[in-house]
Amino acid sequence: MSSQNNKSLTTIASLNKLKSESKKFTCLTAYESTMASVISDAGIDVILVGDSLGMVVQGHDSTLPVTMDQLIYHLECVVKGNKSSHIMADMPFMSYSTDDLGFENATKLMQSGAHSIKIEGGEWICKMANTLAERGIPVCAHIGLTPQAINRIGGYFVQGRDTDKHDLMIAEAKALESAGAAMLLLECVPDALAESITSQLNIPVIGIGAGAKTDGQIMVVHDLLGISCLEKPPKFVKDFMSEAGSIKEAIQLYDISVKSGIFPAEEHTFF
């Protein structure tokens, strides 16, 4: 498996082109410079500086305690190690509770080196997605299972299985695209619903626990390396380190598996 040091920077335009050509792309989380460098060298297209750091780095039982200052610190570390990956940064819990606050915090993330920002929420974030897009800030909207709403949801459950929620999620996805979202992330949704949304949108759709038919796949890097912070890793997780001789090789194996359609397989998919 060869390094991809000479790969040009992945952009929103690059990801749109991959979707138009029906080619898959890969995303991984990173929280510091060294891992970001390894991930980028391995050819991963998108690095997410996620609020998942609250669980996998800080040891909390949810993403809610992560602050904007903490997210920016980890983002700046990742930027220093990145070579060619598109860097997406999460908007932490309550960092976009008002339009003004969301605009201010999204600006901070972009000025700290992010190429796009990710916001959890359905149709209610349409106005913010539009405002940010108009001002040059690409937004990835995150629907399905949204960890920042875990106390309302009541647990980490598959979303969109019943007809009403299925139809609502499709409507929300279309509304977010119309509002100006540059990408969509689907978490823990049935395979058929993810396929339907992906086929109906022109923007790239990233999946985690959303089957193999989305345009891109994302994993928490700790899960990929078999060091999940959870006692029982979710169904959609695969330990690529068990089949590799090094961290970089495991990441390259993930990249190859996604782009060739091997991963996620049926055993990682919700129906």
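Predicted model: local features only at pLDDT ≥ 70, side-chain atom pairs only at ≥ 80, totals over all residues.
Let's start with two helices, H2 (residues 33-41) and H11 (residues 247-259). They pack against each other at an angle of about 45°, and their axes lie 9 Å apart. Because of that angle, H2 is oblique to H11. If you look at how H2 and H11 cross, the crossing is right-handed. On the H2 side, the contact is made by Met35, Val38, Ile39 and Asp41, while H11 brings Ile247, Lys248 and Ile251. Sorted by class, this contact of H2 with H11 has 5 nonpolar and 2 charged residues, with no polar ones.

Now follow the chain past H11. The segment after this helix contains proline 264. A cis peptide bond joins phenylalanine 263 to proline 264, with omega at about 0°. To put this in context, most peptide bonds are trans, and most residues other than glycine have a negative phi.

Serine 22 is not a glycine, yet its phi is positive, at about 55°. You can find serine 22 in the loop between helix H1 (12-20) and strand E1 (25-29). Is serine 22 buried or exposed? Its relative accessibility is 68%, and exposed means over 50%, so serine 22 counts as exposed.

Methionine 94 is also not a glycine, and it has a positive phi of about 65°. Look for methionine 94 in the loop that runs between strand E3 (86-90) and helix H5 (99-111).

Notes. Residues numbered from 1 in each chain as written. Heavy atoms only, no water. Axes fitted to C-alpha atoms, helices over the stretch in contact; angles between N-to-C directions. Helix = DSSP H or I, 4+ residues; strand = E, 2+ residues; numbered from the N terminus. Parallel < 35°, antiparallel > 145°, perpendicular 65-115°, else oblique. Left-handed = near helix turned anticlockwise from the far one by under 90°. Contact = heavy atoms within 4.5 Å. Nonpolar A, V, L, I, M, F, W, Y, C, P; charged D, E, K, R; others polar. Buried < 20%, exposed > 50% of the residue type's maximum accessible area, 1.4 Å probe, protein only.
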